[in-house]
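Visitor: I have not looked at this one before. Can you walk me through some of the strands?
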Amino acid sequence: MTWRKLPACESNPNSTNGEQGPYPTARVDTLLLVLIASATWTVVRVNAAWNPASTAVHALCELVITTVVAFVLRRHARTLPQARCLATIAVMASVVYPLAADLAMRSFAEGSEPFEMLMLTGLELSAVVLAVFSHVPRLGGAAVLLSSFLSLFVMTMTKDRLALLLTAVYGMWGLWWLMGAYWDRLAGALVASQVERRIPVRVSVIGGTGIVLLLLATLIGTTGVSAVSLHGFMPTSGGTQWHDSHARSGVGDGDAMVAAKDEAMSFGPVESDLFLDSDMPTLYDMFNDMYGEPPKPKKKLERNIGLAPSEVKETEQQIAKTERNGREFSAVRRNVERRRQTLDDLKAPAMLYVVGRVPLHLALERFDTFDGRVWTHAGATENRPTIRLETQHDKPWAYLMSVGSSFIHRGMESHAVKIINLKTNRFPSPPQLTAVHVDKVDQPEFFGWTDDGVACMPVRDHIPQLTVIHLRSQGVNLQPLRGASFPLAASEQTTTQVGSAFDLDIDRFTIKTFGSQRQPPLWRRSPVENSSRNWQQVEAVVEWLRTEFVLDPNCPAPEDCPDVVAYFLHAKRGPDYLFATTAAVLLRELGYQTRLVTGFYARRDRFDRRAGQTTVLPEDVHVWVEVGVDENTWLAIEPTPGYEPPRESLTWRQWATIAMRDFGRWFVEHLAVLVGVSVLFVLLFVARCVWLDAVAVGVCEVMGLRSSRARLRWTMRLLEWRAWLAGCPRPRRHTIAAWYSRLADNAPPDLQLSMNHFLCWADRLLYAPTGIDPSEDATVKSVCRFVAAACTRQHLARNLCHFK
Amino acid sequence: MSLPAATPSDQSTAKLRTSSCQHQAAIDGLRRSLQTALIGKNDIVEMVLACLLARGHLLFDDLPGLGKTTLAKAVAGAVGGDFARVQCTPDLLPTDITGFNMFNQKTREFEFRRGPVFSDVLLADEINRATPRTQSALFEAMAERQVTLDGQTHLLSQTFFVIATQNPVESHGAYPLPEAQLDRFAMKLRIGYPDRRSELEMLAANIGVAEGVRRETQPVITPTELRQLQEHVAKVAVTEKVREYLVDLGRATREHKEVTLGLSPRGLITWQRVAQARAHLRGRDFVTPDDIQDVAGPVLEVRLAGDFDSAQKIVQEILASVDVPVFR
């Protein structure tokens, strides 16, 4: 305990309760100063977030809600001690809230932030709360102190221009604030002459904190639990094996890897100069694992001499190798137990990672010829566009086609594919792939086409593991196709309508290659027989397959099936390659050019929010169909249910139309429920006063059972509630007695007498130190019941509303 | 709708209302006496009684001929103590109020000649016509109920009660009371014109009474009884909830944007005392926010200074800015 001179603020005769503050006009200034620091912090927080939009909304909501709640609390603080108490509670809540909210987010939903961001968010919210309570002088100073710490941290964390600009503004405004505070303190010091005995706050806080830390250090140091107690307390501090997947940086590599610059000791899916080789499965291995192996020719095996078990394995491997060389895809397969051994040994089961919008179809191989059982590629070299290399922002981009080369192209989309365990020299290609970029690869000969029209690295056997491939693809708007006569069927097209190269190869994509002898045509079995010949007919076929057939991976076509399409149409179920085969054949019979595509389907549910990428696993191999609409434009369609169709780039008008159509459909489907709920809500609203009053009466009856005081108190609350329901709530400056004494006006004598007694007791209960005489308990309860019954909402409205 | 069987009787109501009032007869006598002197102004009479029981001093700020002097004489007569009147003019000296030491030729000593402040009720008529020097002579007497002259302190009556009047319309040759002296008054009242019925009643009462004939008011209580009553009023309970409300109102006067001089702590104490008296006059032994609100106008109007035309409006704004404590 020491004697100290009161600061000027506490001796100000005009101040309230002697504590108006070192800078009485600084409340708005303080709040503004803290808000600038808060805005700076929000910029940094949003920039560091995985999902900037949601984080920005989250941060804004936090800030607004904290400010509003703090203002509400301040409004309810009658005295400075109350204000200090409420501010303390609010600050504690501000510190705890970000941690609790993040814990809930980690447990129940996606979305989390690094620990240090949460701590700084707590600091920010605490500063805001203190700024709102800055009419209490010490709290205003604390708010400025916290905001300066926040700005200091922000300056060390970012190089963002906006954040630095806001920090500069904060500095200037802070200087102004300090000048004002200084002059005010100087002026007040001239009249400060009182002394007051107080506990030294700073020494107490600092000393207490030091003692606690010393005790903790002693306890932890002597018991040898420091490694456990401090284990990972600061994720970014490093030094332990503990890691936080949400950390922004640290000693370990974590989930977010960075490219090594010097003396790389490890490698990962980042852009670097390292290209390593490893044993990786091919696409064929994965199809065999997923769908089973194609059947072996029986007659050849029957004529061979039995082999030893060790040699059988070798034979199977040779068959698989032969298939790879022949570029076939058999639509007839037999189920075998999936082989996972090789994949389980891998550290990361992913074949590749996709950064960007999902779901996404990534084509790896295309087939144009079908014999009823097996898809093959004819091997004809099409006239592919010349690949040109351009440098953009010091990055080499290989352009595979011209931007906007087709009338259906609209907008661009970017993806990045990280090769993990996939062994191929083909680029996993989204539909309408336009450009490819691989870091450091700036030689044209590294980019080329395969025979079946897939972009690849022709000079390599396979793309090195952990290579990051950046892809640009064009969006498509199908609306022009839906209205136009489409497509140019083989029987209708003329030489002058399309390019020569397309003319030459067009037969490979039509039904003439295998199905011309089948009667009747397959499409006559579908409901699209009479559809007009444009893209809507294609969509009708796709929709028919997606709705009428069932995806069943365990229902392949029999091995002796001569025509898998016929079998599938009969069985109405099957794996995705039968859906794709059937769609391709049906569309060919309708005169469209189609080809089968195998590759990967990046699923939406495999999106890893923390890593910001989608994992593609071996079981994500998929088969779909592409329909040719002009010389170089093939549109992917998805006939298999359960797989989302490739996304269409819509105009705003189309988007609005679809949204309204979907809403209308949803509205019609749920019309009964909506009407029921609406009627219920209307009834509840119309009768709100009745049931709310009934609830209040029930609560009053229950709570009043405890004692006559409780009965009296809850009857007062009932009157208050009814007055609010009646639209004439008691004004804040009126007492219970003053406002409700009007209920006795023009009332029957018994109500006047009861009301008089009730209000006298109410005054005594609320403001007298002695309270109600226990001998009057029965009378009090009786009068309260009588008043509650007599003073209905209508009575209150009649007697009170004209006083408002 | 019928009254329940356990309805409290009138007797219990009376018990509620007068549970702590042991001097109700004296108060009723004072009230009747003042109401007889000032017809049709019962609310003013209640305020005067509250001021008297709270040991405060009263300032009438009103036009001539509205009954200020009549009411002051009635108070003095009803209390039964000494009554003195000072007609304040610019040439009035401080010693004309406090008294002075006069050299006695016979005894060859100075003798103290008491001034009008040595009475139970002092009427300072048109106080704003006295010079500030003379006005300040009342400071010590009003605040501490004593007079110090030539280093010698003379105690005044324990029931010393100042009723001052001032005319707000005649500013020529007047000296406005300083804030320091205004703060020593408990309240400022404006009597205002009586209503039609009261004026008719007044005229009827004056028929047959010759002009200038003095009507004496019979004493109702003695100064000693008044002193006991004042001590009893000072014990009226004020719970913490009500005190907090009072403090919040005081803070609100200082934070009001149009008020340059808010309520002082002395003013806050005076406000509480007057509210206690008001509660006692209503038959209660505890103060409610209603009591505080009822006396807020007279108590604040004499103290608040600022650039405003209507003090009543400011008082209403201050009252409206603070929530009445109910369930908290």
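Guide: Two strands pair if DSSP finds at least two bridges between them. Helices (H or I, at least four residues) and strands (E, at least two) are DSSP runs, numbered from the N terminus. This is a predicted model, where local features need pLDDT of at least 70, side-chain atom pairs count only at pLDDT 80 or more, and totals for chains, interfaces and linings use all residues. Residues are numbered from 1 along each chain as its sequence is written, and chains are lettered from A and ligands numbered from 1 in the order in which they are written.

Visitor: How many bridges join β1(B) to β8 of chain B?
Guide: There are 4, and β1(B) and β8 (161-166) run parallel. B:L59 has B:A164 as its bridge partner in β8(B).

Visitor: And what is the bridge partner of B:L59 in β9(B)?
Guide: That is B:K188. Strands β1 (58-61) and β9 (187-189) of chain B are parallel, with 3 bridges.

Visitor: Over to chain A. What is the order of the open sheet of 4 strands?
Guide: The order is β5-β17-β20-β21 in chain A, with antiparallel pairing. At the edges are β5 (360-367) and β21 (634-637) of chain A, each pairing on one side only. From one strand to the next, the twist averages 40 degrees.

Visitor: How many bridges join β17 to β20 of chain A?
Guide: 8 bridges join β17 (593-602) and β20 (621-628) of chain A. One pair is A:R595 with A:E626 in β20(A).

Visitor: Which helix packs on the sheet?
Guide: Helix α17 (576-589) of chain A does, touching β17, β20 and β21 of chain A. Touching rests on contacts, meaning C-beta atoms, placed from the backbone, within 7 Å. The direction of α17 makes about 10 degrees with that of β20(A). Axes are lines fitted to C-alpha atoms, for helices over the stretch in contact, and angles run from 0 to 180 degrees between N-to-C directions.

Methods. Contact = placed C-beta atoms within 7 Å.
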